[in-house]
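Q: Hi! Could you walk me through this structure while I have it open?

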Amino acid sequence: MSLRIKTLEDYHDAYKASVDNPEKFWEEQAETFTWMKRWDKVLEWDFHMADTFWFIGGKLNITVNCLDRHLETKGDQTALIWEPNEPGSEGKKLTYQELYNEVCRFANALKNIGVHKGDRICFYMPMVPELMIGILACARIGAIHSVVFAGFSANSLADRIKDATCKVIVCTDQNSRGPKISPIKLIVDEALAMGCDSVEKVIVLSHTGGGISWNNHRDLWWHDIMDKQSTTCEPVMMDSEDPLFILYTSGSTGKPKGVVHTIGGYMVYVWYSFLNVFQYKDGDIYWCTADIGWITGHSYIVYGPLLSGATTVMFEGIPSYPDPSRFWQICEKYKVNIFYTAPTAIRSLMAAGDKYAQGHNLSSLHVLGTVGEPINAEAWHWYHEHIGKGKIPVVDTWWQTETGGILISPIAGITDMKPCYASYPMPGIQPILVDIYGNEIEGNDVEGLLCIKFPWPSIIRTTYGDHGRCREIYFNVFPELYFTGDGARRDEEGRYRIIGRVDDVINVSGHRIGTAEVENAINEHPLVVESAVVGYPHDIKGQGLYAFVISRENVHDLNTFQKEINEKLTILIGPIVKTDIILIVSGLPKTRSGKIMRRILRKIAEGDLSNLGDISTLFNPEIVDEIIAKSKSLV
């Protein structure tokens, strides 16, 4: 089976082959790569136990396939283009040979300070080249990287460090993002003061040159440990099912989930999906605007592009700084061919006005993509018309941290596009819709809960340190199915439209935020007795945070109260999380067993009062009318 999908017939042939004989299909893809030992068996799986194993017995090192195998033919090709936060500042380009050299040097540095295969290394860094170098160096020596988005608070960072029992933290002195400077090392120090006893060393990259505190027994400068290191480092032989990384994602309970991805299957799937979804061709300049702190950055800034021998762009800043033309300036500057961003960014740029998208030479672009949340029709059309000039395919990709790679998407220029629809499943992906009882909903023009009935190579392997949690969340909701947590619609021609989360997770600007995490933080305010948080439609962020709060006493100044709540959220979770609306209520709708009925609150927040369902079974049905009346007073 051909690795590349070049025509619609290719797509249908590949899809049929991947369903008829998945093991043979994925074995053929895996043969592209360099293996130290070939696998003994392609696949074993048991969804009841949440167990999936791909390329069993295979031995490899993913960095050999990201770097070494390209050196002979692409050693002088640019692997990484880094665009700094400040326009006009000097960026950086690294060839495949230069990236290889730096990865080996940092891998040797890690070994020198006692890092071994299986150790967990936490990265809390802005989008700088050293972040990519660092995680590849971990993979080189078999250490497990765990990147934490450098916008999270000290509390959130500490939670993740403790859960993964990280041995080393790699950070910068400070982070410059847009007009803001964040005290990264200070936040790390605060986190370490919260009982992160597993941490032995902190490696600090001098980035802004800002003043920081220093612990001579623990802290090390990046440049000091890199000094005189060799530019060769023998890759450690890893098993296909050894962990590559842990990435934390918010869940419907307060504790973040450490999603574990393993080497062999993840490698094969992110490469295959990158190559085909974006129709990448040799020489293309590819830019994904995500942060490596999220799965999109892992799969489609680092691993997918490098496995394909591509040139990948990495941007430190934000789309609106110094003005909303920054994305298009960068596209013109580097003659970007493939551009992949979030609907939130598109909506914010659209709101800023068309003038910022004008006057730039975007003729190099031939594929546009979106990621992170469903894109609304208005934003899709603006993106297609103003950036794509009505000619460029838009791939509206659906996937999750847990899936590792893109599962449902148009294939650029091959399959058709329909605004708001992620469209068709990738080869190897077998989606179904079920009702609340797990019964399959067959046919087209239907809605249901989105599940996957067969494993793909980059499927989640476990939640770190708690496999039972993985089984409970993803595989026990509906027997023998992977439950995505999303509702979906399948149209008359089999395209999928993702409707949104059906659990207690809110998607704010493409970031999945657990309601329990937010509520726990709100409840820390001395006036708060209890709170419930739901998402509601927001023009820019996709979903805003609507908080229903029970207060101990009258709140006389709601603006001050909300400011204090948001400050608490910034401290405990991070500045990405802020309430948009707070409604003070005397009670929350609860079942007789005490569960908050967020379904009702979600309807009220959305202004959809047409069908709240049967509320007579609630413990306190009278509270619903009170909340509705108060919500109307906000309009």
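Q: Leaving aside its neighbours within four places in sequence, which residues is R218 in contact with?
A: R218 touches K185, D189, L192, E200, K201 and V202, where contact means heavy atoms within 4.5 Å. Before we go on, this is a predicted model, in which local features need pLDDT of at least 70 and side-chain atom pairs count only at pLDDT 80 or more, while totals for chains, interfaces and linings use all residues. Residues are numbered from 1 along each chain as its sequence is written, and side-chain values use heavy atoms, with hydrogens and water left out.

Q: Thanks! Where does R218 lie?
A: R218 is in the loop between strand 11 (201-205) and strand 12 (219-221). Strands (E, at least two residues) and helices (H or I, at least four) are DSSP runs numbered from the N terminus.

Q: And what joins the side chains of R218 and D189?
A: A polar contact of 3.0 Å. That term stands for a pair of N or O atoms within 3.5 Å; within protein, one must be able to donate a hydrogen and the other to accept it, and residues adjacent in sequence count only if both atoms are side-chain atoms.

Q: Is R218 buried or exposed?
A: R218 counts as buried, because its relative accessibility is 18%. Buried is under 20% relative accessible area, exposed over 50%, and partly exposed in between (1.4 Å probe, protein chains only).

Q: Switching to cysteines: how many disulfides are there in the whole structure?
A: The search finds 0, a disulfide being a pair of cysteine sulfur atoms within 2.5 Å.

Q: In which sense do strand 29 and strand 30 pair?
A: Parallel, over 5 bridges, with strand 29 covering residues 542-551. F548 has L583 in strand 30 as its bridge partner.

Q: Last one: which residues of helix 13 meet helix 14?
A: I346, R347, L349 and M350 in helix 13 meet E378, A379, W382 and Y383 in helix 14.

Technical notes
Pairing = 2+ DSSP bridges.
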